[in-house]
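This report sets out the architecture and local features of one protein model. Please consult the sequence and the structure as displayed here.

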Amino acid sequence: APATDAPRSMPDIVPAVDFRKGPGASENQVATPATTTTEVVIPCKYIGFVCGANDSDLAEIKKISGAEITVHDPKPGDTNSTVIICGDPEQTKRAQSLIHAFIFCGLYQK
């Protein structure tokens with residue numbers, strides 16, 4: 001294209017902006033993932049596979065996943081226990097996967 005002296009609407013240099021950090025974020029700020037809470041309903045007959053002896057399996061799931069996990073006792077007459085998982089999305093996903101894996105392993109070890 002031939003060079004002209006006509007004014008241009010675009011500047012020659014555009015400052016770099018990292019849009020991943022959101023508007024107004026400084027260089028030292030890091031975006032933190034939101035905390036999520038997930039409720040998992042587990043039949044009482046399988047909750048032992050999740051908790052283990054003296055809650056050892058539950059402690060292992062917490063350690064590996066990094067999530068906070070609370071097991072609620074079933075209400076009178078209920079056949080299910082409720083497990084609450086809190087953490088960032090990756091932690092809650094990992095905890096759910098581990099809970100399922102511990103149940104499947106417990107079923108197939110019989």
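The text below moves from the sheet to the helices, the core, the side-chain pairs and the backbone.

The model is predicted, so local features need pLDDT of at least 70 and side-chain atom pairs count only at pLDDT 80 or more, while totals for chains, interfaces and linings use all residues. Residues are numbered from 1 along each chain as its sequence is written, and side-chain values use heavy atoms, with hydrogens and water left out.

**Sheet**

Helices (H or I, at least four residues) and strands (E, at least two) are DSSP runs, numbered from the N terminus. Three strands make up an open sheet: 3 strands in the order β1-β3-β2, with antiparallel pairing. Its edge strands are β1 (36-43) and β2 (68-72), each of which pairs on one side only. On average, neighbouring strands of this sheet are turned by 20 degrees against each other, direction ignored. Such angles are taken between N-to-C directions and run from 0 to 180 degrees, the axes being lines fitted to C-alpha atoms, for helices over the stretch in contact.

Two strands pair if DSSP finds at least two bridges between them. Strands β1 and β3 run antiparallel and are joined by 8 bridges, whereas β2 and β3 pair in the antiparallel sense over 5 bridges. For H72, the bridge partner in β3 is T82. P43 stands opposite N80 in β3. In general, strands of a sheet pair through backbone hydrogen bonds, either parallel or antiparallel.

S81 is found in strand β3 (residues 80-87). With a relative accessibility of 2%, S81 counts as buried; the term buried means under 20% relative accessible area, exposed means over 50%, and partly exposed lies in between (1.4 Å probe, protein chains only). Contact means heavy atoms within 4.5 Å. Leaving aside neighbours within four places in sequence, S81 is in contact with V40, V41, I42, C44, I47, H72 and P74.

Helix α1 lies across β1, β2 and β3 and runs at about 125 degrees to β1. The buried residues of α1 are I47, F49, V50 and C51. Their cover includes β1, α2, β2, β3 and α3.

A nonpolar core is a set of buried Ala, Val, Leu, Ile, Met, Phe, Trp, Tyr and Cys residues joined through side-chain atoms within 4.5 Å. The largest such core has 16 residues, of which I42, V50, I69, V83, I85 and I99 touch the most other members. Two or more residues of this core come from each of β1, α1, α2, β3 and α3. Not counting residues up to four places away in sequence, V83 touches T38, E39, V40, I42, I47, I69, T70, V71 and I99. In soluble globular proteins, nonpolar side chains tend to be buried together.

**Side-chain pairs**

Rings of Phe, Tyr and Trp (its six-membered ring) pair if their centres lie within 6.5 Å; planes under 30 degrees apart count as stacked, over 60 as edge-to-face and the rest as tilted. By this rule there is 1 aromatic pair. The rings of Y46 and F49 have centres 6.3 Å apart and planes at 20 degrees, so this pair is stacked. Y46 and F49 are 3 residues apart in helix α1 and therefore separated by about one helical turn. At 23% relative accessibility, Y46 counts as partly exposed.

A salt bridge is a side-chain nitrogen of Lys or Arg within 4 Å of a carboxyl oxygen of Asp or Glu, and the count by this rule is 1 salt bridge. R94 forms a salt bridge with E90, and the closest N and O atoms are 4.0 Å apart. Because R94 and E90 are 4 residues apart in helix α3 (residues 89-108), about one helical turn separates them. R94 counts as partly exposed at 32% relative accessibility, as does E90 at 44%.

**Positive phi values**

Most residues other than glycine have a negative phi, and most peptide bonds are trans.

| Residue | Phi |
|---|---|
| G52 | near 75 degrees |
| N54 | near 55 degrees |
| D55 | near 60 degrees |

G52 follows α1. N54 lies in the loop between α1 (44-51) and α2 (56-65), and D55 is placed in the loop between α1 and α2. N54 counts as exposed at 79% relative accessibility, whereas D55 counts as partly exposed at 42%.
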